[in-house]
Amino acid sequence: MNYMKDPKGIEVESFVIIQDTIDEINPDYQFNNKMEEMIIKRAIHTSADFDYLENLQFTHNVIEEMKEFFQKGGGTIYTDTTMALSGINKRVLDKIGISYKCFISDPEIVKIAKEKQITRSMAAIEHAATLEGDKIFVIGNAPTAIYKILEMVHAKELNVKAVVGAPVGFVGAAESKEELFESEIPAIVARGRKGGSNVAAAIINAIIYQLDVE
(Lines give C-alpha, C1' and ligand atoms only; values in the text may rest on other atoms or scores of the structure.)
Protein backbone atom coordinates (compact mmCIF):
# COMPACT_ATOMS: atom_id res chain seq x y z
CA MET A 1 0.00 0.00 0.00
CA ASN A 2 1.22 3.45 -0.89
CA TYR A 3 0.31 6.11 1.69
CA MET A 4 1.84 9.13 3.40
CA LYS A 5 3.77 8.27 6.57
CA ASP A 6 5.49 11.53 7.53
CA PRO A 7 3.47 13.26 10.34
CA LYS A 8 4.55 16.75 9.32
CA GLY A 9 3.78 16.05 5.70
CA ILE A 10 0.34 14.76 6.60
CA GLU A 11 -0.41 17.93 8.57
CA VAL A 12 0.83 20.21 5.78
CA GLU A 13 -1.28 18.38 3.22
CA SER A 14 -4.29 18.52 5.55
CA PHE A 15 -4.08 22.31 5.74
CA VAL A 16 -3.78 22.54 1.95
CA ILE A 17 -6.97 20.48 1.63
CA ILE A 18 -8.69 22.67 4.24
CA GLN A 19 -7.93 25.84 2.26
CA ASP A 20 -8.96 24.19 -1.01
CA THR A 21 -12.26 23.16 0.59
CA ILE A 22 -12.87 26.67 1.94
CA ASP A 23 -12.24 28.06 -1.55
CA GLU A 24 -14.75 25.58 -2.92
CA ILE A 25 -17.60 26.00 -0.42
CA ASN A 26 -17.17 29.74 0.21
CA PRO A 27 -14.92 31.41 -2.39
CA ASP A 28 -15.46 34.86 -0.89
CA TYR A 29 -14.55 33.91 2.66
CA GLN A 30 -11.94 36.18 4.24
CA PHE A 31 -10.17 35.68 7.57
CA ASN A 32 -9.79 38.78 9.72
CA ASN A 33 -6.11 38.13 10.40
CA LYS A 34 -3.48 35.39 10.35
CA MET A 35 -3.98 34.34 13.96
CA GLU A 36 -7.73 33.90 13.58
CA GLU A 37 -7.10 32.01 10.35
CA MET A 38 -4.80 29.53 12.07
CA ILE A 39 -7.17 29.08 15.03
CA ILE A 40 -10.15 28.40 12.79
CA LYS A 41 -8.19 26.12 10.48
CA ARG A 42 -6.81 24.11 13.40
CA ALA A 43 -10.32 23.72 14.82
CA ILE A 44 -11.38 22.40 11.42
CA HIS A 45 -8.29 20.20 11.26
CA THR A 46 -9.10 18.51 14.56
CA SER A 47 -12.83 18.11 13.84
CA ALA A 48 -13.17 17.94 10.03
CA ASP A 49 -16.07 20.36 10.50
CA PHE A 50 -16.16 23.46 8.31
CA ASP A 51 -18.99 24.99 10.35
CA TYR A 52 -16.23 26.53 12.48
CA LEU A 53 -15.71 29.07 9.71
CA GLU A 54 -18.85 30.74 11.05
CA ASN A 55 -19.30 29.25 14.53
CA LEU A 56 -15.94 30.27 16.01
CA GLN A 57 -16.16 33.86 17.21
CA PHE A 58 -13.66 36.21 18.88
CA THR A 59 -14.65 38.90 21.37
CA HIS A 60 -13.06 41.89 23.14
CA ASN A 61 -9.62 41.78 21.55
CA VAL A 62 -9.17 38.25 22.87
CA ILE A 63 -6.28 37.39 20.54
CA GLU A 64 -4.14 40.24 21.83
CA GLU A 65 -5.09 39.42 25.43
CA MET A 66 -4.03 35.81 24.97
CA LYS A 67 -0.83 36.69 23.12
CA GLU A 68 0.10 38.99 25.99
CA PHE A 69 -0.68 36.21 28.49
CA PHE A 70 1.60 33.75 26.72
CA GLN A 71 4.39 36.21 26.01
CA LYS A 72 4.43 37.50 29.59
CA GLY A 73 4.63 34.01 31.11
CA GLY A 74 3.89 33.13 34.71
CA GLY A 75 0.16 32.53 34.20
CA THR A 76 -1.86 29.34 34.34
CA ILE A 77 -4.21 27.59 31.92
CA TYR A 78 -7.09 25.78 33.64
CA THR A 79 -8.97 23.13 31.68
CA ASP A 80 -12.29 21.51 32.55
CA THR A 81 -11.22 18.06 31.36
CA THR A 82 -8.08 15.94 31.41
CA MET A 83 -8.69 15.36 27.69
CA ALA A 84 -8.36 19.07 26.93
CA LEU A 85 -5.22 19.26 29.04
CA SER A 86 -3.69 16.21 27.36
CA GLY A 87 -4.31 17.72 23.93
CA ILE A 88 -2.45 20.97 24.64
CA ASN A 89 1.25 21.08 23.71
CA LYS A 90 2.74 21.27 27.18
CA ARG A 91 6.32 21.25 25.91
CA VAL A 92 5.72 24.70 24.43
CA LEU A 93 3.94 25.89 27.58
CA ASP A 94 6.88 24.75 29.70
CA LYS A 95 9.25 26.63 27.42
CA ILE A 96 7.36 29.92 27.77
CA GLY A 97 6.70 29.55 31.50
CA ILE A 98 2.96 28.87 31.47
CA SER A 99 1.53 26.46 34.04
CA TYR A 100 -1.43 24.18 33.33
CA LYS A 101 -3.86 22.49 35.66
CA CYS A 102 -7.04 20.42 35.65
CA PHE A 103 -8.73 19.83 39.00
CA ILE A 104 -11.64 17.72 37.78
CA SER A 105 -10.34 14.49 39.35
CA ASP A 106 -8.73 16.07 42.42
CA PRO A 107 -10.14 14.22 45.47
CA GLU A 108 -10.72 17.48 47.35
CA ILE A 109 -12.64 18.95 44.41
CA VAL A 110 -14.72 15.79 44.14
CA LYS A 111 -15.49 16.03 47.86
CA ILE A 112 -16.44 19.72 47.71
CA ALA A 113 -18.68 19.17 44.69
CA LYS A 114 -20.51 16.38 46.47
CA GLU A 115 -20.94 18.40 49.65
CA LYS A 116 -22.22 21.48 47.80
CA GLN A 117 -24.22 19.45 45.28
CA ILE A 118 -22.61 21.20 42.34
CA THR A 119 -20.65 19.83 39.40
CA ARG A 120 -16.97 19.08 39.79
CA SER A 121 -16.32 21.61 37.03
CA MET A 122 -17.96 24.33 39.12
CA ALA A 123 -15.98 23.33 42.20
CA ALA A 124 -12.80 23.41 40.12
CA ILE A 125 -13.53 26.96 38.95
CA GLU A 126 -14.15 28.06 42.54
CA HIS A 127 -10.82 26.57 43.57
CA ALA A 128 -8.93 28.14 40.66
CA ALA A 129 -10.35 31.53 41.66
CA THR A 130 -8.47 31.30 44.97
CA LEU A 131 -5.10 30.86 43.27
CA GLU A 132 -2.68 33.63 42.32
CA GLY A 133 -1.64 34.66 38.84
CA ASP A 134 -3.14 35.40 35.46
CA LYS A 135 -5.68 32.85 34.30
CA ILE A 136 -7.05 31.49 31.05
CA PHE A 137 -9.87 28.96 31.24
CA VAL A 138 -10.19 26.36 28.48
CA ILE A 139 -13.65 24.79 28.58
CA GLY A 140 -14.45 21.98 26.15
CA ASN A 141 -17.06 19.95 27.98
CA ALA A 142 -18.85 21.62 30.91
CA PRO A 143 -21.42 24.39 30.39
CA THR A 144 -21.64 24.69 34.18
CA ALA A 145 -17.98 25.76 34.22
CA ILE A 146 -18.79 28.66 31.90
CA TYR A 147 -21.79 29.66 33.99
CA LYS A 148 -19.65 29.57 37.14
CA ILE A 149 -16.96 31.73 35.49
CA LEU A 150 -19.60 34.26 34.44
CA GLU A 151 -21.15 34.33 37.93
CA MET A 152 -17.82 34.77 39.71
CA VAL A 153 -16.56 37.44 37.32
CA HIS A 154 -19.83 39.33 37.72
CA ALA A 155 -19.49 39.09 41.51
CA LYS A 156 -15.84 40.27 41.25
CA GLU A 157 -14.69 37.00 42.81
CA LEU A 158 -12.62 35.96 39.80
CA ASN A 159 -10.19 37.74 37.50
CA VAL A 160 -9.72 36.08 34.15
CA LYS A 161 -7.54 37.02 31.20
CA ALA A 162 -9.59 35.11 28.63
CA VAL A 163 -11.85 32.10 28.17
CA VAL A 164 -11.98 29.49 25.44
CA GLY A 165 -15.63 28.43 25.48
CA ALA A 166 -16.23 25.27 23.46
CA PRO A 167 -18.39 22.81 25.42
CA VAL A 168 -20.21 20.34 23.20
CA GLY A 169 -23.69 19.01 23.84
CA PHE A 170 -27.40 19.60 24.18
CA VAL A 171 -28.04 20.72 27.77
CA GLY A 172 -26.77 24.22 28.37
CA ALA A 173 -23.89 24.07 25.90
CA ALA A 174 -25.20 26.55 23.32
CA GLU A 175 -26.85 28.72 25.98
CA SER A 176 -23.75 29.01 28.19
CA LYS A 177 -21.58 29.88 25.21
CA GLU A 178 -24.04 32.52 24.06
CA GLU A 179 -23.90 34.15 27.49
CA LEU A 180 -20.11 34.07 27.33
CA PHE A 181 -20.25 35.60 23.85
CA GLU A 182 -22.48 38.41 25.14
CA SER A 183 -20.35 39.02 28.26
CA GLU A 184 -17.48 41.47 28.73
CA ILE A 185 -14.94 38.65 29.07
CA PRO A 186 -12.44 38.31 26.22
CA ALA A 187 -13.35 34.96 24.70
CA ILE A 188 -13.04 32.57 21.81
CA VAL A 189 -16.46 31.00 21.55
CA ALA A 190 -17.67 28.03 19.51
CA ARG A 191 -21.27 29.19 19.24
CA GLY A 192 -24.00 26.58 19.00
CA ARG A 193 -23.93 22.97 20.12
CA LYS A 194 -20.62 21.99 18.55
CA GLY A 195 -17.26 21.97 20.31
CA GLY A 196 -15.41 19.54 22.52
CA SER A 197 -12.18 19.14 24.46
CA ASN A 198 -10.25 18.42 21.26
CA VAL A 199 -11.43 21.68 19.71
CA ALA A 200 -10.65 23.65 22.89
CA ALA A 201 -7.12 22.22 22.97
CA ALA A 202 -6.63 22.90 19.25
CA ILE A 203 -7.47 26.57 19.79
CA ILE A 204 -4.73 26.93 22.40
CA ASN A 205 -2.23 25.06 20.24
CA ALA A 206 -3.01 27.26 17.26
CA ILE A 207 -2.09 30.34 19.28
CA ILE A 208 1.11 29.06 20.84
CA TYR A 209 2.31 27.65 17.51
CA GLN A 210 2.20 31.21 16.12
CA LEU A 211 4.40 32.65 18.87
CA ASP A 212 7.73 31.43 17.41
CA VAL A 213 8.64 29.48 20.53
CA GLU A 214 8.79 25.99 19.06
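Rings of Phe, Tyr and Trp (its six-membered ring) count as a pair if their centres lie within 6.5 Å; planes under 30 degrees apart are stacked, over 60 edge-to-face, and the rest tilted. This is a predicted model, where local features need pLDDT of at least 70 and side-chain atom pairs count only at pLDDT 80 or more, while totals for chains, interfaces and linings use all residues. Residues are numbered from 1 along each chain as its sequence is written, and side-chain values use heavy atoms, with hydrogens and water left out.

**Exercise 1.** Find the residues that form one aromatic cluster.

*Solution.* Start with the total: the structure holds four aromatic pairs. Then look for the cluster, which is formed by Tyr 78, Phe 103 and Phe 137.

**Exercise 2.** Classify the pair of Tyr 29 and Phe 31, then decide whether each residue is buried or exposed.

*Solution.* A pair of aromatic rings is described by the distance of the centres and the angle of the planes. For Tyr 29 and Phe 31 the centres are 5.0 Å apart and the planes stand at 75°, so this pair is edge-to-face. Next comes burial: buried means under 20% relative accessible area, exposed over 50%, and partly exposed in between (1.4 Å probe, protein chains only). Tyr 29 has 17% relative accessibility, so Tyr 29 counts as buried. Phe 31, at 18%, counts as buried too.
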